[in-house]
Amino acid sequence: MEVRVENLTCTFGQKTAVQGVSFTVPSGSVTALLGPSGCGKTTVLRSLAGLHRPDAGTIRFGDQVVFSAGGGVNVPPERRALGMIFQDFALWPHMRVFDNVAFGLRLRHLAQAETRAKVMTALEMMHLQNEARRFPHQLSGGQQQRVAVARAIVSEPQLLLLDEPLSSLDAGLREEMRQELSRLIKRLGITAVHVTHDHVEALSMASQMIVLNDGRIEQSGDPVEIYERPGNLFVARFLGVVNVMTGKVEREGSTVRVSGPGFSIVGEPHGPINGHGHALIRPSSIRIVDEAAVSTDNDLTVQVTEGAFHGERWQFEVVNDAGARLRIHTDAALPLGARIRISFAVDACRVIPATENPGPPP
Amino acid sequence: MSLAAAPELRTHARGDAWRRHLALDRIVVAVALACLAVLIVFPLAMLLMQAVFPAGAVPLGPFVETFSTPSNYIAIIDSIGIGLVVCVTASLIGIPLAILLNRTDLPGRRIFEALVWVDFFTPSYLVSLGWTALMQRGGFLDLTLGHMNPFASSFFSPFGIALVLTFKLFPFVYLAASAGLQAIGAEYEEAARVAGSGRLHAWLRIVIPLLRPAILAGLILVFAEVISDFGIAATIGQQAGFPLMTLEVYNYVSSWPINYPLAAAMSTFLVLSMGAALGVQSLLLRRRSYQVISGRAHQPNQIALGAWKWAVLGATILVFAIALGAPFTASIAISLMQNIGRGLEASNFGFQNYASVLSDLHLGIGALWRSVELSIGAATLTSVLSLLVTYMIYRWRGLGRLVLNNVTVISMVVPSIVMAAGYVFAFNQAWLFNAGIALYGTLLLLLLSYIGQQVSMAVRLHLSGVQQISGSLIDAAQVSGARMLTLLVRIVLPLMRKSIVSVWLLTFVIIMFDLAMSEMLYPPGEPTLGVALIQKFGDLGNIGTGTAMMMLAIGFVLAVVLIINIVFRGDARANQLAGAQRRI
């Protein structure tokens with residue numbers, strides 16, 4: 001079922017949490033709403049669920065208008081035929097696992113045998129068939145999460161909503177659940193909207209990604225495309241650590257040259273070039289090279305100022321003579337204060353026009 | 001599992017059932033709102049009408065009359081004066097006690113803390129009836145001294161009223177100051193000590209100033225309790241001939257010369273004073289002029305009392321001996337005397353008074369049992385209604401929520417005696433009788449008035465219970481297809497079990513020992529517990545059976561509280577649920 005959201009606006013008192021957001025969720029796709037806390041992503045999701053009443057806009061589920069501020073339509077959540085997975089799981093503590101999952105089916109007055117069969121199928125899918133008689137508090141965090149998933153899919157919903165479903169799991173479990181959830185959604189061919197602030201989660205699970213900031217859409221499209229070609233500084237920074245070198249931009253054939261304090265580098269242009277721009281370089285694209293090496297890549301001489309071990313690699317902060325700071329990743333430790341030469345390829349340096357939005361701190 | 005089933009088909013099939021549910025939901029909502037309108041809004045509106053537009057008099061005339069005639073406004077001055085005095089005296093006991101029980105090594109702190117709660121929950125007229133049994137000419141003190149006690153006449157005076165109120169109300173100051181002390185934690189004091197301040201200096205300059213808002217809030221509660229108290233005004237106040245606002249309201253409505261407009265004007269003034277006091281109190285608490293260290297405050301160091309320990313212990317015991325010991329020892333002793341005139345001879349002691357209460361179907365067991373039935377019925381109906389209203393406030397947005405919130409908050413500050421007066425004005429109207437609605441003077445109206453008086457408090461208590469339920473538990477049920485009644489019955493009520501039981505119990509106890517509503521609204525010949533007790537204590541010859549009945553009632557209520565606690569504490573699953581809810 002295709003979901004179409006047009007011009008959605010939600011205000012809380014003086015504050016506008018969502019400002020005229022429009023997007024389409026294609027049938028059978030997984031769309032991730034990604035953004036920092038307070039960006040309005042949860043409000044959008046709760047509007048889709050009917051748990052929040054927006055102030056303006058239209059929401060369509062297929063041909064059916066479920067919300068229209070102008071038309072005075074607001075279908076209550078219980079009639080939207082949804083499945084939803086909540087951040088805190090929201091399992092009813094006074095009901096057994098079976099009853100939690102069966103809750104929605106029972107409200108539909110299905111035959112008892114049918115309810116039972118559907119619940120057990122859903123529990124088996126989540127490997128919970130032996131836990132049906134237990135109470136939620138007798139289960140582990142991962143099992144609770146599976147019950148929440150079973151409850152959300154048992155009624156064969158037209159739309160599955162996921163509200164940061166993995167954020168209350170620990171790191172290892174989160175990875176495992178992410179894969180399992182991905183497989184399940186693909187297998188059921190369900191249309192899903194997934195809210196998260198974790199870009200890895202969004203990149204790995206979604207077929208469409210919408211980056212929200214301050215109630216507006218910053219960029220939307222294919223996740224890999226957005227990761228590769230962030231439209232602005234905010235998106236670039238939100239999708240992971242990125243070095244930003246700001247300076248004057250001049251066209252040089254098919255490439256552009258960015259010149260700033262103590263550096264002059266060449267990169268690929270993305271978007272119009274209008275005097276000023278940001279060169280974006282991911283730390284993983286930067287190599288340390290010999291003083292004597294000769295190459296066509298960009299290179300800079302810098303001093304190592306700070307470093308920390310991050311588990312699988314080291315991250316160092318380096319600074320050039322004019323004070324421009326960069327972060328680099330290395331496999332081994334570097335002595336603080338050392339002068340080194342770093343290099344990165346022209347196609348690893350993407351140049352976007354300067355924007356007013358500085359994005360989140362790196 | 002196939003997802004092919006067409007969604008529109010499902011929606012269609014569910015349509016009819018859904019419409020039926022909707023109708024039922026609407027009926028339930030309408031009934032609940034109608035109950036609130038009849039039980040709270042109607043009586044209070046009639047009270048205001050009576051004061052502002054009295055029949056056959058100039059608008060607002062009753063206010064003018066109240067404030068221009070000394071015999072009318074003296075009660076206001078008396079009430080406010082006693083209120084201010086008791087604020088001071090109650091804090092002289094409450095604040096030191098809070099410091100002693102929270103921050104020192106005084107022995108028996110837990111017992112004293114439990115006694116504070118006992119005093120807090122004891123209805124004021126039971127305490128003052130106990131004092132009457134003790135101090136009255138021919139009462140317990142005369143009997144023990146063997147001659148006339150010198151205080152009998154001076155006790156039934158403003159002095160005695162202030163004394164009893166002080167020892168009844170110091171728990172309010174104590175609880176406020178304790179909460180403040182616990183919230184502040186030890187860090188500020190320790191920081192001052194590290195900076196070079198002595199212990200006393202640290203207390204005077206740091207701890208006490210930090211406590212000020214909490215204590216002030218407690219004092220305002222004391223003041224509000226004093227001016228709205230009917231139990232002591234109707235007993236010691238009545239005997240002392242010292243008019244207080246609540247007693248005046250009662251007298252204007254119930255005894256000759258009856259004057260409804262004056263009662264209404266006095267009531268309105270009383271409610272406005274309460275509203276102003278409690279408004280300031282909630283502002284004080286909301287402003288939180290001090291930032292408390294939250295969550296990680298550690299156990300503060302105890303102050304060692306050293307050589308003072310036993311003297312302080314003696315003083316603390318004395319406080320509770322006066323607050324609870326004196327009145328209830330006298331009551332128990334007198335209840336066991338066959339004939340109060342014969343005094344303390346051994347042969348005079350026995351259970352005759354208890355036997356005669358249990359056989360007296362009019363003023364004895366009859367009245368007691370009537371109160372039991374009424375309070376069980378009213379507490380149960382109050383629970384049902386308050387849960388519905390709580391749910392509406394919790395889930396509704398906008399105007400409906402605003403109205404319900406305001407109705408319940410405003411009516412919470414209405415003293416019982418004023419609400420009772422409102423019921424008289426509202427239901428003692430000719431057009432109602434002509435329309436065949438003859439509720440006035442029936443037990444049914446008394447029952448309704450109990451509900452009307454208690455439902456707002458129950459709603460506010462349930463609201464704090466329901467707010468502990470994670471909102472997503474309810475969202476999840478709604479997304480699964482549950483409508484209001486299903487949500488309420490299947491999700492909300494099971495999760496609120498503990499809160500429902502304790503609110504029921506509290507309402508039951510309050511109604512059981514109600515005096516104000518009962519005095520004003522009991523049907524002639526059908527007295528309740530409170531009415532019967534007041535009648536018995538009014539006459540020295542009946543004080544023996546009066547005290548016996550009081551003890552029977554207290555014993556019965558304690559037994560109910562105990563049984564319910566055992567039944568629900570023994571319920572391991574309830575505890576598990578509470579634990580699980582915290583974890584999930």
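How are α16(B) and α23(B) oriented to each other? The axes of helix α16 (residues 365-395) and helix α23 (residues 497-512), both of chain B, come within 8 Å and cross at roughly 140°. Axes here are lines fitted to C-alpha atoms, for helices over the stretch in contact, with angles running from 0 to 180 degrees between N-to-C directions. Angles under 35 degrees count as roughly parallel, over 145 as roughly antiparallel, 65 to 115 as roughly perpendicular and the rest as oblique; α16(B) and α23(B) are therefore oblique to each other. Residues in this contact include B:Ser371, B:Leu374 and B:Ala378 of α16(B), and B:Val503, B:Trp504 and B:Phe508 of α23(B). Two residues are in contact if their C-beta atoms, placed from the backbone, lie within 7 Å.

This is a predicted model, in which local features need pLDDT of at least 70, side-chain atom pairs count only at pLDDT 80 or more, and totals for chains, interfaces and linings use all residues. Residues are numbered from 1 along each chain as its sequence is written, while chains are lettered from A and ligands numbered from 1 in the order in which they are written.

Chain B has 27 helices and zero strands. Helices (H or I, at least four residues) and strands (E, at least two) are DSSP runs, numbered from the N terminus. Of the 584 residues of chain B, 43% count as buried. A residue is buried if 20 or more other C-beta atoms lie within 10 Å of its own, exposed if 12 or fewer, and partly exposed in between. B:Trp310, placed in helix α14 (residues 309-335) of chain B, counts as exposed because it has 10 C-beta neighbours inside 10 Å.

Chain A holds an open sheet of five strands in the order β16-β20-β17-β18-β19, with antiparallel pairing. Strands pair if DSSP finds at least two bridges between them. At the edges stand β16 (287-289) and β19 (325-330) of chain A, each with a single partner strand, so one side of each is left without a neighbour in the sheet. Six bridges join strand β18 (residues 314-319) of chain A to β19(A), and A:Glu317 stands opposite A:Arg327 in β19(A).
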